[in-house]
Amino acid sequence: MITVRDSTRPVWFLLLALLGSWPCVAIPTQESGTNNMLSELLVSDDYYSVLDDPPLEAKPGPKNESAQQPCDYDVCLEQKEPCLARKDCLCRGITLEDVAPEAPTVTSLTPGGSEGVTVRWCAPYSLVTTYTIKGAEQEPVRVGSHLRSSKLKGLNDGDKVCVLAENAAGEGPESCMMYLAEKDNAYLTAGLIGGALGLGLLAVLAVLLWKYTQRRRTGARLSIQDRDDSHQGLSDSNRVSLDVL
């Protein structure tokens with residue numbers, strides 16, 4: 001004989017089996033706040049909303065427009081600091097100290113009398129620590145990386161002058177120019193003398209032409225005045241003769 005109690009037993013077993021297969025979920029209670037937190041952790045994947053503040057999104061700051069502009073950096077002028085030391089603009093890409101610098105560019109050799117010849121150059125697009133200036137038989141001169149000119153004494157006409165750059169990686173190639181002192185001085189002197197003589201000759205011609213013009217005008221006035229005087233004398237003599245008659 002099957003009783004009511006025996007007939008409900010399979011139903012309870014089935015319910016227990018179903019409950020055992022469900023995920024473990026903590027039931028919140030009003031007595032403890034910890035259970036509420038744990039229940040939210042188990043149910044929700046948004047951990048930041050429970051234990052910590054939500055992560056802040058990185059907002060891009062204002063762009064520095066001046067830092068996006070190329071630097072006004074002239075490699076042929078002496079500089080107080082290298083371009084790489086500036087933070088307010090963009091420098092042109094250069095080779096660093098692990099590579100020997102490129103050759104500078106010699107631009108001019110200017111005679112300076114007893115002070116020597118002024119050698120000028122433009123810097124390479126490389127990291128430079130020192131420049132070396134060499135003459136034919138002169139002792140090399142070493143100067144700092146911020147300079148773009150130097151004096152070199154004892155040069156003769158036709159001597160070759162070279163400039164090279166150097167850094168921690170070593171010396172770079174040379175840039176050279178031939179010094180033509182006598183020809184340059186001769187041409188310059190001849191040009192100055194010729195210009196001075198030409199200006200002097202033009203001034204003398206201008207003065208002579210002015211005097212000649214003034215003399216002709218004075219002579220023309222005198223001739224006209226003499227003619228008027230002669231006519232006036234004739235008319236007076238005629239008047240006198242008429243009065244006698």
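This is a predicted model: local features need pLDDT of at least 70, side-chain atom pairs count only at pLDDT 80 or more; totals for chains, interfaces and linings use all residues.
# Working through the disulfides, sheet and pocket

About the S-S bond of Cys71 and Cys89 the torsion is about 100°, so this disulfide is right-handed.

**Exercise 1. Work out where the Cys71 to Cys89 disulfide sits in the chain, and whether its two ends are buried or exposed.**

Solution. 
- Step 1: check the bond. The S to S distance between Cys71 and Cys89 is 1.9 Å, and a disulfide needs the sulfur atoms within 2.5 Å.
- Step 2: Cys71 and Cys89 each lie in the loop between helix 3 (48-51) and strand 1 (105-110), 18 residues apart, and the pair links distant parts of the chain.
- Step 3: look at accessibility. Both Cys71 and Cys89 are buried.

**Exercise 2. Take the disulfide of Cys76 and Cys122: what is its handedness, and how does each cysteine count for accessibility?**

Solution. 
- Step 1: start with the sulfurs. Those of Cys76 and Cys122 are 1.8 Å apart.
- Step 2: read the torsion. About the S-S bond of Cys76 and Cys122 it is about 105°, so this link is right-handed.
- Step 3: find the ends. Cys76 is in the loop between helix 3 and strand 1, while Cys122 belongs to strand 2 (residues 117-122); they're 46 residues apart, and the bond links distant parts of the chain.
- Step 4: apply the cut-off. Cys76 has 35% relative accessibility, so Cys76 is partly exposed. Cys122 has a relative accessible area of 11%, so Cys122 is buried.

**Exercise 3. Describe the link of Cys83 and Cys91, then say how many disulfides the whole structure has and what pattern they follow.**

Solution. 
- Step 1: the bond. Cys83 and Cys91 are joined with an S to S distance of 2.1 Å.
- Step 2: the handedness. The torsion about the S-S bond of Cys83 and Cys91 is -100°, and the link is left-handed.
- Step 3: the surroundings. Cys83 sits in the loop between helix 3 and strand 1, and its C-alpha is 9.2 Å from that of Asp72, 11 residues away along the chain. Cys83 has a relative accessible area of 12%, so Cys83 is buried; Cys91, at 26%, is partly exposed.
- Step 4: zoom out. Searching the whole structure turns up 4 disulfides. Count the bonded cysteines along the chain and the pattern reads 1-4, 2-6, 3-5, 7-8.

**Exercise 4. Work out the strand order of the open sheet and find which strands stand at its edges.**

Solution. 
- Step 1: count the elements. The chain has 4 helices and 7 strands, and along the sequence they run α-α-α-β-β-β-β-β-β-β-α.
- Step 2: pair the strands. Strand 1 and strand 2 are antiparallel and joined by 5 bridges, with Val119 in strand 2 as the bridge partner of Leu109. Strand 2 is also antiparallel to strand 5, through 4 bridges; there, Val117 has Leu152 in strand 5 as its bridge partner.
- Step 3: find the edges. Strand 1 and strand 5 (149-152) each have a single partner strand, so one side of each lacks a neighbour in the sheet. From one strand to the next, the twist averages 25°.
- Step 4: check the turn. The hairpin of strand 1 and strand 2 has 6 residues between the strands, and Gly113 in this hairpin takes a positive phi near 70°.

**Exercise 5. Find which residues are closest to the centre of the largest pocket, and how the residues of its lining divide.**

Solution. 
- Step 1: the space. The largest pocket holds about 400 Å³.
- Step 2: the centre. It is lined by 21 residues, and Tyr73, Pro82, Cys83, Ile94 and Ser126 are the closest to the centre.
- Step 3: the make-up. The lining divides into 15 nonpolar, 3 polar and 3 charged residues.
- Step 4: the wider view. Of the 245 residues in the chain, 18% are buried.

Terms used:
Residues are numbered from 1 along each chain as its sequence is written. Side-chain values use heavy atoms; hydrogens and water are left out. On a 1 Å grid over the protein atoms alone, a cavity is a set of points where a 1.4 Å probe fits but cannot get out, and a pocket is an open set with protein on both sides within 12 Å along at least five of seven lines; lining residues have an atom within 4 Å of a point. Grid points are joined across faces, edges and corners, and a volume is the space filled by probe spheres set on the points. Ala, Val, Leu, Ile, Met, Phe, Trp, Tyr, Cys and Pro count as nonpolar, Asp, Glu, Lys and Arg as charged, and the others, Gly among them, as polar. Buried means under 20% relative accessible area, exposed over 50%, partly exposed in between (1.4 Å probe, protein chains only). Two strands pair if DSSP finds at least two bridges between them. Axes are lines fitted to C-alpha atoms, for helices over the stretch in contact, and angles run from 0 to 180 degrees between N-to-C directions.
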